[in-house]
Amino acid sequence: MKMNWRWSKSWSLASRLFFSHLVVMIVGVASLVIISKISSPRFFRLHLERLEHKGWDLIRVHADLVDGFEIAWRRSTFWSVLVGATAAGGLSYWVSIRIVQQLTEMEQITQKFAAGELNARLPKSNIPELNRLGVSFNSMAASLEGVEARRRELIGDMTHELRTPLTIVRGYLEQLVDGEIQPSPEIYQQLVRETRRLERLVNDLQELSKVEAGYLPIKIQPLNLRPLLQSLVQRFADQLLEDGPVLQLECPAQLPPVLADIDRIEQVLVNLVGNAIRYTTTGSITLRVWIELSKLWIAVIDTGMGIAAEDLPHVFERFWRADKSRDRHSGGTGIGLTISYRLVELQGGQLEVESELGKGSTFRFFLPLA
């Protein structure tokens with residue numbers, strides 16, 4: 001028994017489908033033959049008896065009629081079983097091959113996908129279940145293809161970002177070793193700036209990877225954000241020059257508590273306000289807070305250089321810069337907004353941007369009320 005079970009487990013799907021159809025056909029035909037063999041002669045005799053009661057004289061031919069009926073029944077049953085079994089077997093074989101053929105195509109596509117052809121997709125099927133399977137696979141394939149594309153972009157961007165400070169540091173060190181330049185405080189300060197930039201880039205990359213992988217701990221709790229906002233405004237105001245922009249806070253005296261992580265919200269605000277100060281030389285920077293329905297909105301509004309309309313869709317992409325030279329000059333890594341966007345999402349909010357080139361930018365996000 002165990003050997004038969006193991007042997008049947010090695011059957012292909014086509015064999016299983018064909019065998020199952022064959023079993024169903026045999027059971028159906030056997031049931032038809034047995035039931036008709038038992039019931040048909042009896043019903044025929046009853047019919048003859050009813051005819052005799054109506055006055056028909058069938059006594060002499062009664063036995064011949066019954067024998068003739070049985071012969072005709074056997075012949076018709078034989079040909080019916082033969083033709084029906086042949087047609088059913090052929091149809092079962094065709095259906096089995098058709099289903100298995102589509103599954104074989106799916107297997108070939110998945111093997112191509114596993115081999116690295118991420119653009120491989122399953123064709124549509126006229127079998128609803130297989131078509132749903134194909135749609136699910138294609139959706140997964142598109143998602144994985146996007147992940148792989150972003151991974152390659154990240155590696156390329158990261159390599160590009162690391163190359164610049166490393167090249168500068170190596171250039172200075174080689175010149176110092178060869179005696180082409182003399183050591184000076186300015187050179188050492190430049191080396192320190194570049195190594196700090198490398199450190200910031202590595203730290204930001206590590207945090208971004210944690211955020212996107214969902215490993216960054218978020219401690220959601222009811223918070224009153226007004227003390228944090230006042231502290232941030234005071235901290236950044238002390239750093240502004242007299243001829244620089246004016247930093248101001250527009251916030252209601254009483255704020256309802258929100259559900260957020262105080263450390264992550266501070267990180268987001270520091271990044272947004274820091275970017276506004278970096279790109280605003282004159283005018284004002286306003287930290288505005290208001291309540292709308294069940295959300296608390298926070299906006300950082302500046303009168304700085306702004307962002308072109310065609311660049312706005314890319315603002316939250318990693319390593320994106322409207323002007324690739326300005327962030328390097330100021331020490332930015334180009335992924336601060338990406339981290340901020342993910343952090344706001346993890347706290348149930350959404351970060352948005354509006355900007356006009358030469359007139360300033362508005363970065364705003366909301367948090368759910370507690």
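Which side chain meets Arg 121 in a salt bridge? In this predicted model, the partner is Glu 145, at 2.6 Å from N to O.

**View 1. Arg 121 and Glu 145 pair up in a salt bridge.** The two residues link distant parts of the chain, 24 residues apart: Arg 121 sits in the loop between H3 and helix H4 (128-178), and Glu 145 is in helix H4 itself. Arg 121 counts as partly exposed, with 28% relative accessibility. Glu 145 is partly exposed too, at 30%.

**View 2. Glu 250 reaches Arg 288 across two strands.** Their side chains form a salt bridge at 2.8 Å, N to O.

**View 3. Arg 364 and Glu 354 make a salt bridge.** Here the N to O distance is 2.9 Å. Arg 364 lies in strand S7 (residues 360-368) and Glu 354 in strand S6 (residues 350-356), so the pair ties together parts 10 residues apart in sequence. Arg 364 is buried because its relative accessible area, 17%, is under the 20% cut-off. Glu 354, at 44%, is partly exposed.

**View 4. A nonpolar patch lies on the surface.** The patch consists of Phe 78, Trp 79, Leu 82 and Val 83, with about 440 Å² of accessible area together. Phe 78 is part of helix H3 (residues 62-114).

Terms used: Residues numbered from 1 in each chain as written. Predicted model: local features only at pLDDT ≥ 70, side-chain atom pairs only at ≥ 80, totals over all residues. Heavy atoms only, no water. Patch = residues over 30% accessible without salt bridge, like charges linked within 9 Å, V, L, I, M, F, W, Y side chains within 5 Å. Areas by Shrake-Rupley, 256 points an atom, 1.4 Å probe, with all protein chains shown as cover. Salt bridge = Lys/Arg side-chain N within 4 Å of Asp/Glu carboxyl O. Helix = DSSP H or I, 4+ residues; strand = E, 2+ residues; numbered from the N terminus. Buried < 20%, exposed > 50% of the residue type's maximum accessible area, 1.4 Å probe, protein only.
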